[in-house]
Amino acid sequence: MAELKGYMTVEASFIIPWVVFLFVFIIYSSYLMYDRCVLFQDSYAYSMRAADKQLTQAETLKYMEDNAQVQYGDKYMASKTIRKGFTVTDKEVRTEAEGVVVCPAGPQVSLPGLHRWRYSAEARASRENPTRLLRIYRGCSGLITGGR
């Protein structure tokens with residue numbers, strides 16, 4: 001047994017870095033999934049909120065740009081900044097957002113291209129005026145029932 005001294009140290013020197021790498025990978029994968037879910041939720045809620053406002057296209061776009069920080073805030077776990085873009089037409093409001101999760105180990109430890117994980121979300125909401133739709137429906141229903 002004297003000639004086998006230290007064999008556990010050699011094996012541990014190979015296993016421990018892999019275990020640490022796997023834990024860090026699982027933690028940052030969880031951050032990525034959390035941030036992706038929150039980003040989609042924020043984008044969709046913001047599009048719906050802006051579409052519900054009865055404003056002109058320019059006013060809606062200004063509202064979205066001015067209040068984006070309130071909606072998106074700093075609730076993301078691993079992303080420092082979220083890039084946002086808004087498009088407003090007569091028919092819909094579209095929100096596009098993108099974030100990046102950066103693994104702190106850096107490119108020298110991880111696989112090439114694996115230290116930066118990009119994720120994005122796109123949400124659309126239609127701009128319908130409920131009053132106008134009800135008036136159209138009531139006007140058509142009079143034709144169907146014979147004006148009664």
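Author: The bend at a residue is the angle between two axes, one fitted to the seven residues ending there and the other to the seven starting there. This is a predicted model, in which local features need pLDDT of at least 70 and side-chain atom pairs count only at pLDDT 80 or more, while totals for chains, interfaces and linings use all residues. Residues are numbered from 1 along each chain as its sequence is written, and side-chain values use heavy atoms, with hydrogens and water left out.

Reader: What bend does helix 2 have at Asp66?

Author: Helix 2 bends there by about 45°; helices (H or I, at least four residues) and strands (E, at least two) are DSSP runs, numbered from the N terminus.

Reader: How do you know that the span of helix 2 agrees with its number of residues?

Author: The expected span is 1.5 Å times one less than the number of residues, so the 16 residues of helix 2 (residues 57-72) should span 22 Å, and the end C-alpha atoms, 21 Å apart, agree with this.

Reader: What makes the contact of Asp66 with Lys62 a salt bridge?

Author: The term requires a side-chain nitrogen of Lys or Arg within 4 Å of a carboxyl oxygen of Asp or Glu, and the closest N and O atoms of Asp66 and Lys62 are 2.7 Å apart. Both residues lie in helix 2, four residues apart, about one turn of the helix.

Reader: Which residue forms a salt bridge with Asp42, and where do the two partners lie?

Author: Asp42 pairs with Lys75, the closest N and O atoms being 3.2 Å apart. The pair links distant parts of the chain, with Asp42 in helix 1 and Lys75 in the loop between helix 2 and strand 1, 33 residues apart.

Reader: Why is Asp42 called buried, and why is Lys75 called partly exposed?

Author: Buried means under 20% relative accessible area, exposed over 50%, and partly exposed in between (1.4 Å probe, protein chains only). Asp42 has a relative accessibility of 4% and therefore counts as buried, whereas Lys75, with a relative accessible area of 35%, is partly exposed.

Reader: How do you know that strand 1 and strand 2 pair?

Author: Two strands pair if DSSP finds at least two bridges between them, and strand 1 (residues 82-88) and strand 2 (residues 92-102) have seven, in the antiparallel sense. Lys84 stands opposite Ala97 in strand 2, and the two strands form a hairpin with three residues between them. Strand 2 is also joined to strand 3 (residues 116-126) by eleven bridges, again antiparallel.
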